[in-house]
Amino acid sequence: MKKPLPFTNEQLESWAKTYPTPFHVYDAKAIRENARRLKAAFAWNKGFHEYFAVKAAPNPHLMALLREEGFGSDCSSLPELVLAEAVGNVGESIMFTSNDTPAEEFQKAYALGAIINLDDITHLDFLEKSLGGKLPELLCCRWNPGPLKGGNAIIGKPEEAKYGFTTDQLYTAYAQMKAKGVKRFGLHTMVASNELDPQYIIDTATLLFDLVVDISQKVGITFDFINIGGGIGIPYKPDQVEQPLEKIGAGIAAAYESHLKAKGHPDLKLYMECGRCITGPYGYLVSRVRHIKRTYKTYVGLDACMSNLMRPALYGAYHHVSVPKYGEKGTTYADVPLMHCDVTGSLCENNDKFAVDRDIPEVTPGDLVVLHDAGAHGHAMGFQYNAKLRSAELLLQEDGSVKLIRRAETMADYFATLDFPGLRTF
């Protein structure tokens, strides 16, 4: 069952007078509480550090909030590095994990003192050349376990992914790093996306512990950390349950003792790069019913479209639809009239649908609707096809007020990169 909304229809209507729909709103209190829960689940590891995946919600206000909770930044591009720097995450508070990386991005990561996580064995020489013949003291490699680890339905088979070193390449790479004077080492993998089986995450960490021990013994190095990646899923559907972070933490702690410490490797730090499970459940897309169309099917047309939330169109992803005028009943669909429909946007693409053949609480034009679990990979995936403008982002604060943390785009923004007569007045 979906949790009640953290705001009322009246609050939304009040906010919409200043910030017209559609807009995204994030629950600051819930995000903080969730961040603390993750940290508590891994408090057994004295070096534990979570690097929030900036790609999930690249807004500096959210990043700064999470920095206050002790989170670093997982970055994959130059602008993401700049965002991390802006909120005060520098040095080893940044994990830079990129692929097909240009020299200037390696140079910026190095200048910030970020932990550089290499994606390919050829990138070691490329990094050295990019940095004028030197290497950082600390380097990490991204491991692709291939057939050793089954992928999940979302991310696919690891051996078909474009990311990471093969197992054999890792041994060669760490030996080369040692020979080139690298003093500190990390190992990373990321083999799941939106994974709801806690054992999958535990098994991933166990594989890394085993590999660290073997590389250490054969290459003659000691690892500073492992990064088990992100991928912890969230319950998008009402019948799904949230991941038991405490169980995951305890399972990895047990594997740490039996697969790392018991085999002679000294203590190391455990890192993660979760994004979705940190902010995903606590962000909402608020929209308004614009039209209801009845032809071969019933279509509830919103003022939002897939440029505001493209996951349903891209993956066929489920996002729960609430109608806040019914109060909590509009979230649970208990004892409210329902209508069978497709919930659509106005983009000129037939897959611009937030829900297909869904029973939702009955609506009329002008009603507000809320799409749940839009706090990660929601606004971040926005685009401007059909000349659609990206929406505003608001932060719900603990006193019930909202703060604008990104204004909505205007036509002036859309035309800003064009130099053409008649378009300069917007």
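Visitor: At what angle do helix H2 and helix H3 pack?

Guide: Two packed helices are described by the angle between their axes and the distance between the axes. Here helix H2 (residues 28–41) and helix H3 (residues 60–68) pack at about 40 degrees, with axes 10 Å apart. H2 is therefore oblique to H3. Helices (H or I, at least four residues) and strands (E, at least two) are DSSP runs, numbered from the N terminus. Axes are lines fitted to C-alpha atoms, for helices over the stretch in contact, and angles run from 0 to 180 degrees between N-to-C directions. Angles under 35 degrees count as roughly parallel, over 145 as roughly antiparallel, 65 to 115 as roughly perpendicular and the rest as oblique.

Guide: The model is predicted: local features need pLDDT of at least 70, side-chain atom pairs count only at pLDDT 80 or more, and totals for chains, interfaces and linings use all residues. Residues are numbered from 1 along each chain as its sequence is written, and side-chain values use heavy atoms, with hydrogens and water left out.

Visitor: Which residues of H2 and H3 make the contact?

Guide: Contact means heavy atoms within 4.5 Å. Ala28, Ile31, Arg32 and Ala35 of H2 meet Leu62, Leu65, Leu66 and Glu68 of H3.

Visitor: How do helix H4 and helix H5 cross?

Guide: The axes of H4 (residues 78–86) and H5 (residues 103–112) come within 9 Å and cross at roughly 15 degrees, so H4 is roughly parallel to H5. The contact involves Leu78, Leu81, Val82 and Glu85 of H4, with Glu105, Lys108, Ala109 and Leu112 of H5.

Visitor: Where does a cis peptide bond occur?

Guide: Most residues other than glycine have a negative phi, and most peptide bonds are trans. In this model a cis bond joins Thr21 and Pro22, with omega about 0 degrees. Pro22 is in the loop between helix H1 (9–18) and strand S1 (23–27).

Visitor: What is phi for Asp335, and what is phi for His377?

Guide: Asp335 has a positive phi near 60 degrees, and His377 also has a positive phi near 60 degrees. Asp335 lies in the loop between helix H12 (329–332) and strand S13 (338–344), while His377 belongs to the loop between strand S15 (368–371) and strand S16 (392–396).

Visitor: Is Asp335 buried or exposed?

Guide: Buried means under 20% relative accessible area, exposed over 50%, partly exposed in between (1.4 Å probe, protein chains only). Asp335 is exposed, at 71%, whereas His377 is buried, at 13%.
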